[in-house]
Amino acid sequence: MNADYIIQANNLQKHFDGGEIKALDGVTASIRKGEVVVVIGPSGSGKSTFLRCLNLLELPTGGQVLFEGVDITAKSADINLHRQKMGMVFQHFNLFPHMTILKNMTLAPVKLLKKSQADAESQALKLLERVGLADRAGAYPSQLSGGQKQRIAIVRALCMDPEVMLFDEPTSALDPEMVGEVLEVMKELAKEGMTMVVVTHEMGFAREVADRVIFMADGKIVEEGSPEKIFTAPEQGRTKEFLAKVL
Ligand code: ADP
Ligand code: MG
């Protein structure tokens with residue numbers, strides 16, 4: 001274990017269909033506290049599976065995940081406890097449709113972290129203010145735009161006081177004019193020192209915000225490095241080929 005790292009994935013494997021599909025085929029990666037890591041790669045390369053294995057939404061079929069030095073893939077690990085420390089934001093906002101925004105944000109902190117309703121609400125309102133949505137606390141998700149819903153999904157995750165935030169293509173389902181407002185919230189979060197692992201096709205965001213870019217293909221990390229290196233001097237053929245298509 002290395003104390004500088006908040007997450008260490010060692011030789012992670014995730015096989016489906018009895019090993020026929022190797023969604024992850026030996027991924028080793030470490031995330032430092034405060035680091036922003038952007039994961040890029042073609043569709044089907046294992047990016048979502050990688051994120052989902054980090055917080056054990058998927059159980060790896062091989063390898064380990066250490067979170068703050070603790071092997072959370074061990075049988076004895078308290079999965080729920082560790083999962084609470086990793087906020088996750090999905091492509092589709094996953095807000096509860098029948099609850100107000102405020103209720104969406106206070107439910108888990110009250111239930112799982114045993115915060116008082118009053119404390120949870122005051123924290124939620126502060127976060128809503130930060131993303132310019134304080135006046136929407138009493139609204140229902142269906143009354144919000146996609147960009148607003150995704151900003152809410154981000155601050156809802158923050159209500160759990162996570163150590164790490166995982167983002168899986170948070171802007172891919174948005175109309176183009178709403179992408180910027182969501183990326184802006186993510187940039188702010190990065191500036192404040194949040195540890196973030198972000199799967200995205202937004203190469204501008206990757207260049208500007210990432211400390212490190214990981215390129216995946218076929219369930220493996222093909223290449224990683226600073227945005228400068230990956231975007232201007234990629235070494236691997238697969239990386240060059242991918243970037244030629246998306247840049
Ligand atoms: P990405 O997010 O990079 O598009 P995924 O992690 O979603 O890639 O998928 C990686 C590979 O694993 C793909 O071939 C996908 O079809 C396969 N896969 C993902 N989830 C499942 C599942 N639940 N059952 C079977 N195959 C899956
Ligand atoms: Mg995916």
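Tutor: The account below begins with the ligand shell and then turns to the nonpolar cores. The model is a predicted one. Around ligand 1 are Phe16, Ile21, Ala23, Pro42, Ser43, Gly44, Ser45, Gly46, Lys47, Ser48 and Thr49. By class, this shell comprises four nonpolar residues, six polar ones and one charged one. From the side chain of Lys47, a polar atom is placed 2.8 Å from an oxygen atom of ligand 1. The protein buries 62% of the 560 Å² that ligand 1 exposes when taken alone. Two or more residues of the shell come from each of strand E2 (21-32) and helix H1 (47-54). Helix H1 gives the most, with three residues.

As for the nonpolar cores, the largest has 50 residues. Those with the most contacts inside this core are Ile40, Ile154, Met165, Phe167, Met186 and Met196. Helix H6 (residues 176-191) supplies the largest share of this core, eight residues. Met186 is in contact with Ile154, Phe167, Pro170, Met196, Val198 and Phe205, when its neighbours within four places in sequence are left aside. Another core, of 26 residues, lies apart from the largest one and includes Leu24, Phe50, Val197 and Ile214. In soluble globular proteins, nonpolar side chains tend to be buried together.

Technical notes:
Residues are numbered from 1 along each chain as its sequence is written. Chains are lettered from A and ligands numbered from 1 in the order in which they are written. This is a predicted model: local features need pLDDT of at least 70, side-chain atom pairs count only at pLDDT 80 or more; totals for chains, interfaces and linings use all residues. Side-chain values use heavy atoms; hydrogens and water are left out. A residue is near a molecule or strand if one of its heavy atoms lies within 4 Å of it. A polar contact is a pair of N or O atoms within 3.5 Å; within protein, one must be able to donate a hydrogen and the other to accept it, and residues adjacent in sequence count only if both atoms are side-chain atoms. Accessible areas come from the Shrake-Rupley method with a 1.4 Å probe; for residues, only the protein chains shown count as cover. Helices (H or I, at least four residues) and strands (E, at least two) are DSSP runs, numbered from the N terminus. Ala, Val, Leu, Ile, Met, Phe, Trp, Tyr, Cys and Pro count as nonpolar, Asp, Glu, Lys and Arg as charged, and the others, Gly among them, as polar. A nonpolar core is a set of buried Ala, Val, Leu, Ile, Met, Phe, Trp, Tyr and Cys residues joined through side-chain atoms within 4.5 Å. Buried means under 20% relative accessible area, exposed over 50%, partly exposed in between (1.4 Å probe, protein chains only). Contact means heavy atoms within 4.5 Å.
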